[in-house]
Amino acid sequence: MEFISYPDREALAINLANKIAGELRSALSQAERVTFAVPGGTSPGPVFDDLCSVQLDWSRVDVMLTDERWVPEDSERSNTRLLRERLLVEKAAEARLLPMYMPCQTPEERLDEIAEIIAPELPLSVVLLGMGADMHTASLFPGADRLEDALDKRAPILMPMRAEGAPEPRVTLTAPVLNGALSKHILIFGQEKREALERARGLSPSEAPIKAVLGGATVHWAE
C-alpha cells in the first residue's frame with residue numbers, strides 16, 4: 001500500500017484525476033476497451049468534476065460503480081444518478097455505463113443478468129474506492145449478511161448485501177474482482193478516516209473490509 005497525503009482536497013482531486021486519466025490512456029494503448037469502476041457517495045465528486053473534461057477516448061471506456069443501492073435511478077439515493085450528473089458529462093459523456101441496477105424488488109432477481117453484462121469487461125483496468133469511518137469499502141460492510149462470501153477468493157462477480165443501518169439492499173463487486181484491477185486507488189478525507197485506515201491495517205478483513213483491498217493500492221488522503 002502506498003499512502004499519499006495532499007495539502008488540500010482540491011489538490012487531491014486534480015492530481016488523482018490526472019493519475020487516473022494517465023492510467024486509462026495507458027490501458028487504452030494496449031486494449032480496445034477498458035473498464036473503470038468508481039464509488040458512489042459525495043467524496044469522489046470533485047475527482048469526477050476534473051476527470052470528465054479530460055481529453056481521452058471515452059468512447060472506448062466502460063464506466064461502472066463498485067456498488068449500488070437497490071433503488072431506482074430517479075431516487076436521490078441512487079449512485080447511478082450521481083454518476084450521470086458528475087462523471088458522465090462533458091467529454092466523458094461518450095463513455096458506456098455498465099449497469100449495477102435493474103428494475104425489480106430485490107437484487108437477487110436480476111443479479112445474474114447484471115453479472116453477464118459485466119463479465120466480458122473484466123478485469124477492471126482502474127478502480128477507485130472510498131472508505132467509511134466503519135472501515136467498509138464498496139458495499140462490503142462489517143457485519144453484513146454476505147460479507148464472508150464476498151471476501152472469499154472464489155466469490156462470484158457480484159454479491160447482494162444487507163447490513164444494519166443500510167436502509168435498502170445493496171449490490172457490490174466482490175473482493176476478488178476489486179483486487180483483480182490493474183490499478184487500485186482509495187480516496188479518503190478527514191482525520192477520522194485516516195485513523196480508521198491505520199486501525200484497519202491491524203485487523204482482519206472480516207473486521208475491517210477495507211483491509212481486503214489494501215494490497216497494491218494507492219491511498220489518497222487530504223484533511
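**Notebook: charged side chains**

I looked up arginine 84 and found it partly exposed, with a relative accessible area of 43% (buried is under 20%, exposed over 50%, partly exposed in between; 1.4 Å probe, protein chains only). The model is predicted: local features need pLDDT of at least 70, side-chain atom pairs count only at pLDDT 80 or more, and totals for chains, interfaces and linings use all residues. Residues are numbered from 1 along each chain as its sequence is written, and side-chain values use heavy atoms, with hydrogens and water left out.

Next I checked the partner of arginine 84. Its side chain meets that of glutamate 73 in a salt bridge of 2.4 Å, N to O (a side-chain nitrogen of Lys or Arg within 4 Å of a carboxyl oxygen of Asp or Glu). Glutamate 73 lies in the loop between strand 4 and helix 3 (79-86) and arginine 84 in helix 3, so the pair ties together parts eleven residues apart in sequence (helices, H or I, at least four residues, and strands, E, at least two, are DSSP runs numbered from the N terminus). Glutamate 73 is partly exposed too, at 35%.

I then searched the whole structure and got 16 salt bridges. One of them joins arginine 170 and glutamate 168 at 4.0 Å, N to O. Both residues are buried. Bridges with shared partners link Arg33, Asp62, Arg96 and Glu121 into one network.

Last, I looked at glutamate 68, in strand 4 (residues 67-69). A polar contact of 2.6 Å joins its side chain to that of threonine 80 (N or O atoms within 3.5 Å; within protein, one must be able to donate a hydrogen and the other to accept it, and residues adjacent in sequence count only if both atoms are side-chain atoms).
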